[in-house]
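Thanks for coming. Please have a look at it first.

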Amino acid sequence: MNVSNLKRRFSLSITLIIFLTILLTIISTFMIDRESRHSEIINLSGQQRMLSQNIALLSLEMANIDSASRQKDIHRDLRSSIKKMSSNHEILTGDLRAGAFFESRIEELREIYFNEPEDLDNETKDFLNHANMLTKNSTIDLDNQHLLAILKTSPKLLISLDKAVSINQSMAEGDLLNIQVLFWITTLLLIILILSVAIFIFRPTIKEVEQDATNLEAINKKLEEAKVIAELANKAKSDFLANMSHELRTPLNAIIGFSQEIKDESPGPINEVQQEFVGYILESGKHLLSLINDILDLSKIEAGKVELELGEFNLKTLLENSVALVKQKALRHNFKLSVDISDDIEYVTADERKIKQIVFNILSNATKFTPDGRTIGVEAEKRDSGEVLVSVWDTGIGIEKRDRSKVFATFEQVASDYSRAHPGSGLGMPLTKQLVELHDGKIWFDSEGKDKGTRFSFTIPQKFPASRAA
Ligand SMILES: Nc1ncnc2c1ncn2[C@@H]1O[C@H](COP(=O)(O)OP(=O)(O)OP(=O)(O)O)[C@@H](O)[C@H]1O
Ligand SMILES: [Mg+2]
């Protein structure tokens with residue numbers, strides 16, 4: 001399953017859900033705001049209704065009562081009611097709320113309040129004017145024109161205010177219904193969206209994931225089976241090679257032994273031709289034996305059956321002895337030998353026999369792939385990391401870039417006129433690499449190219465831990 005596809009699906013669904021939720025919140029806020037404006041107008045209109053009645057009653061009472069102190073009280077109450085009614089009127093005719101969000105809506109509501117119950121504004125102003133005029137006198141009689149005007153306007157005002165309240169109430173109810181409808185529509189949309197996300201996005205995704213998991217399980221099972229088969233095949237190969245090598249080595253030792261005897265003329269004298277032929281038999285026998293030994297070693301390492309026999313030995317001496325081993329050959333081919341082993345290279349803990357084999361394989365390749373008369377060198381030094389670095393360099397045929405991968409591959413040789421003249425089996429370097437890696441070391445080579453010489457280097461830890469030997 002495509003992961004980026006999955007990510008896209010998830011982000012799309014999340015975006016849609018967030019978008020709808022924000023939409024729902026905005027709509028609800030808007031509707032609630034509308035609703036609160038209605039209730040504000042209803043509340044103020046109700047107050048105006050009560051205040052107008054109060055003012056009418058108090059004015060009448062004032063005209064009826066003679067007691068000066070009582071008149072004073074009524075006068076005071078009357079003034080405060082008028083003040084309250086005027087300020088309410090100002091609120092209703094001015095901005096309902098300073099800095100209101102939905103300006104157009106305020107206009108709309110104001111229009112309903114003042115225009116629908118026609119002349120409510122004028123009636124209120126008229127009423128308040130008369131009431132104010134009335135309070136200018138400390139005493140009044142029943143013929144007072146302002147009192148008569150108040151009593152006349154009051155019922156009209158009541159009817160208009162009632163009308164304003166009922167209009168607002170029905171509008172509020174309508175808006176409430178709208179809120180409910182909108183709320184349900186948006187909730188329904190949200191549910192539909194969530195359901196479609198679940199059905200069209202998550203369900204197929206889950207199915208794909210399940211399918212992938214099943215496929216993976218099947219692949220894993222196959223891999224597991226393949227691994228078991230490969231391990232069995234590898235074991236069979238190692239067993240076969242071990243047995244075969246043993247079976248081959250017994251008669252081969254006889255061939256080598258007896259041809260050596262004949263060459264040494266122990267059973268009796270032989271002529272020159274016979275001497276030459278038996279020499280070939282002996283050489284081929286020895287070559288075959290080393291080949292079988294290499295194959296056996298490699299298969300043993302691959303099967304993990306090789307254990308390091310650790311011991312402490314002088315690496316400097318080992319390297320010098322290895323150089324001595326090729327001295328004869330060097331003399332024959334007129335090689336110049338250069339040895340540069342640093343003094344701090346002395347005792348190392350490793351498998352001495354295997355290190356000898358490593359050095360010998362690299363060194364014999366250097367003598368094999370270097371034309372007569374040139375120089376071969378051995379170097380060794382201690383590294384800061386606590387490892388020992390050994391290099392064998394030559395001024396021989398070199399290794400071209402395109403042949404680099406062949407060097408450490410089994411039975412691979414770089415074909416050239418020169419190497420054809422120096423046959424081998426192509427097992428030396430793969431085996432050497434395995435032996436170095438058994439010591440937790442690294443092996444590599446550098447060559448500038450054809451006829452530019454080669455430098456093989458390997459590192460091993462100075463003290464291979466005994467706990468890792470098995
Ligand atoms: N010093 C070197 N200079 C140039 N080429 C080299 C050198 N060492 C190795 N090679 C190349 O790497 C190949 C693999 O080396 P390896 O030692 O495995 O095989 P071999 O020497 O041909 O055979 P064997 O060692 O099994 O008798 C060689 O055939 C050769 O082409
Ligand atoms: Mg070799």
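Let me begin with α9 and α11, whose crossing is left-handed. Keep in mind throughout that this is a predicted model. Two packed helices are described by the angle between their axes and by the distance between those axes. For α9 and α11 the angle is about 145°, and the axes are 9 Å apart.

Which residues meet there? On the α9 side they are Lys354, Gln357, Ile358, Asn361, Ile362 and Asn365, and on the α11 side Gly428, Leu431, Thr432, Leu435 and Val436. By type, the residues of this contact divide into 5 nonpolar, 5 polar and 1 charged.

Next, the ligand. Ligand 1 is surrounded by 19 residues, and the closest are Gln413, Val414, Gly424, Gly428 and Met429. Which elements give two or more residues to that shell? They are α9, residues 352–368, and α11, residues 428–438. The most comes from α9, with 3 residues. Sorted by type, the shell around ligand 1 has 8 nonpolar, 9 polar and 2 charged residues.

Take Ile362 as one case. Leaving out residues up to four places away in sequence, Ile362 touches Val392, Thr432 and Phe456.

Last, two loop residues with backbone angles to point out. Asn334 has a phi near 65°, which is positive although the residue is not glycine. Asn334 is in the loop between α8 (327–333) and β2 (336–341). Asp451 also has a positive phi, near 60°, and is not glycine either. Asp451 is in the loop between β6 (442–446) and β7 (454–461).

Why does Asn334 count as exposed? Because it has 10 C-beta neighbours inside 10 Å, and the limit for exposed is 12 or fewer. Asp451 has 13 other C-beta atoms within 10 Å, so it is partly exposed.

That is the end of the tour.

Technical notes. Residues numbered from 1 in each chain as written. Chains lettered and ligands numbered in written order. Predicted model: local features only at pLDDT ≥ 70, side-chain atom pairs only at ≥ 80, totals over all residues. Helix = DSSP H or I, 4+ residues; strand = E, 2+ residues; numbered from the N terminus. Buried ≥ 20, exposed ≤ 12 C-beta atoms within 10 Å, placed from the backbone. Near = placed C-beta within 6 Å. Nonpolar A, V, L, I, M, F, W, Y, C, P; charged D, E, K, R; others polar. Contact = placed C-beta atoms within 7 Å. Axes fitted to C-alpha atoms, helices over the stretch in contact; angles between N-to-C directions. Left-handed = near helix turned anticlockwise from the far one by under 90°.
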